[in-house]
Amino acid sequence: QQQQAAAAVRSSALYALVAECDFAVARGQPLNSHLTWVGPARHASQVAADLRGAVLALYDAHLSADGGRVHYGAMAADPRFAAYAHATCELQQVDLSPLSREELMALFINTYNALIIHAHCVLGPPGPGLLARVR
């Protein structure tokens, strides 16, 4: 999987190994824009299921003993998070056209939930302006 994502989004390099790529992105850029997925993608539901499984394993590993807090800083530093962040690049190539309405809903809900955790690790918690708008 990750070997297919070999083309780094860098103007000075023709290619890079996935392990050499930094998954940090600037605000306003897609979270999975640090690599360009260059191979064919697997079925969309399989990609989403694998991403969901990876992020849930990270979530469980970094949940406090009382279940009340997630240690996002430790999660972001976990090598499994880097693998997860690189794996999200496969979403660039998934074909959504064969999916039914129900499959699309499940895919988008699961992907949204995983990417919220991803954003929290990469970009940090939402600012106070976001919370003020929700209230």
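I call a residue buried under 20% relative accessible area, exposed over 50%, and partly exposed in between (1.4 Å probe, protein chains only).

I am working on a predicted model, where local features need pLDDT of at least 70, side-chain atom pairs count only at pLDDT 80 or more, and totals for chains, interfaces and linings use all residues. Residues are numbered from 1 along each chain as its sequence is written, and side-chain values use heavy atoms, with hydrogens and water left out.

**Entry: salt bridges**

I searched the whole structure and found three salt bridges. The criterion is a side-chain nitrogen of Lys or Arg within 4 Å of a carboxyl oxygen of Asp or Glu.

**Entry: Arg42**

I looked up Arg42 and Glu90. They form a salt bridge, with the closest N and O atoms 2.9 Å apart. This pair links distant parts of the chain, 48 residues apart. Arg42 lies in the loop between β2 (35-36) and α1 (44-61). Glu90 lies in the loop between α3 (79-87) and α4 (101-123). I take helices (H or I, at least four residues) and strands (E, at least two) as DSSP runs, numbered from the N terminus. Glu90 is buried at 2% relative accessibility, while Arg42 is partly exposed at 28%.

Arg42 also bridges to Asp50, and here the closest N and O atoms are 2.5 Å apart. Asp50 is partly exposed at 32%.

**Entry: Arg80**

I then checked Arg80. It forms a salt bridge with Asp78, with 2.8 Å between the closest N and O atoms. Arg80 is partly exposed at 44%; Asp78 is buried at 11%.

Last, I noted the network: salt bridges with shared partners join Arg42, Asp50 and Glu90 into one.
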